[in-house]
Amino acid sequence: MATSRGPVWKVAGLAAGLALGAPAAGAAERVVIPFEMNRSEHMIVELEINGRTVTTGVVDTAATFAMVDAEAALRSGIAAPDGANRTIHILGVNGVQVYPVVRLDTIVAGNLRLEAVDAAYNTASGVPGSAANVMPASAFPGDVLEFDFDAGTITAYDGKPDTVRTHFADSVAYTVEGGLIFIEVRINGKPGRALIDTGSSLSYVNSAFARVASMSRNEALMHLLLGATGDSETAWIGSARKVRLADFYVKGPNLLVSDPVLLDELRLSGQPVMVLGLDYLSNFRLQFDRRRQRLILGLPGDRGDVTLDLSADATRLPGGR
């Protein structure tokens, strides 16, 4: 959650484990949580904490530990931590940070109720425009976790993933490593790994992937990036011919190229890696089939090899510039 000299990217909160009590809404009950996209294009849900305060937060597939903002905690009757609180080390884009841990009696979102939730106590400012309260997606029960961006709902349920006859869908296997979800992606035909991050509004690639995929440096957009951040050392804009996810692809995208400390800590800095944020993910209906460990991507239509048009987002820079 800390800032750096260059663009700030919220990617993941990697912790020792997820400390969440069993949800009162059992896996047999379909969980539905409505969400909205805010002006900075983060996916925001309404949260009720301890039955005393209502605030907002994000449901994050790249977080493994809940987080509560200090102000929301205070309004919920949670005392500020002192030296007696245990702490947790959370890995973010800028390295490991230590947070005190507090206990939330309840968190309610939609018809999902979580009890006895341990959460990192966050006093720092988060990414501009995003929420400081985080609910890990792994807290949801059920065989299927579904993000429907057209309907504005997050749904969890048992059984097989629902099908939509008006959509073409394809699936890709995913792996879970340290609580983080990875799929295979191809840039210019070269394979790499992509971290699925619903907590990030934008996507980026690391320099190893940019090099393997022979991405070209976009000097025109570099001038815009320099004007937005005042720093050309930590990131640059690369152009690709094609980014492919399963049977879907984006032609001619421009992507930020950056090497956050996060990838060093995960020992991934030398591997071709991409972070997939909501600028890509929100185009799809996403379904995580947890039994088979498959991510199903759906788009309206009846054919594969579908091209996504992200030209409107091609020049977007961190901070909404």
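Predicted model: local features only at pLDDT ≥ 70, side-chain atom pairs only at ≥ 80, totals over all residues.

I then checked the partners of β21. Strand β9 (residues 144-148) pairs with β21 in the antiparallel sense over five bridges, and in this pairing L145 stands opposite F288. Strand β22 (residues 294-300) also runs antiparallel to β21, joined to it by five bridges, with D289 opposite R294. Four residues lie between the strands of the β21 and β22 hairpin, where Q293 takes a positive phi near 50°.

Next I turned to the rings, and counted five aromatic pairs in the structure. F35 and F149 have ring centres 5.6 Å apart and planes at 75°, so I logged the pair as edge-to-face. This pair links F35 in strand β1 with F149 in the loop between β9 and β10, 114 residues apart. F35 counts as buried because its relative accessibility is 7%, and F149, at 15%, is buried too.

F147 and F288 form another edge-to-face pair, since their planes stand at 80°, with the centres 6.1 Å apart. Here strands β9 and β21 are linked across 141 residues, and both F147 and F288 are buried. Ring pairs join F147, Y174 and F288 into a cluster.

Last, I looked for charges over rings: the charged end of R193 sits over the ring of F182, 4.4 Å from its centre, and K242 lies over the face of Y249, at 4.4 Å from the ring centre.

Key:
Residues numbered from 1 in each chain as written. Heavy atoms only, no water. Pairing = 2+ DSSP bridges. Helix = DSSP H or I, 4+ residues; strand = E, 2+ residues; numbered from the N terminus. Phe/Tyr/Trp six-rings, centres within 6.5 Å; stacked < 30°, edge-to-face > 60°. Buried < 20%, exposed > 50% of the residue type's maximum accessible area, 1.4 Å probe, protein only. Lys NZ or Arg CZ within 6 Å of the ring centre and 35° of its normal.
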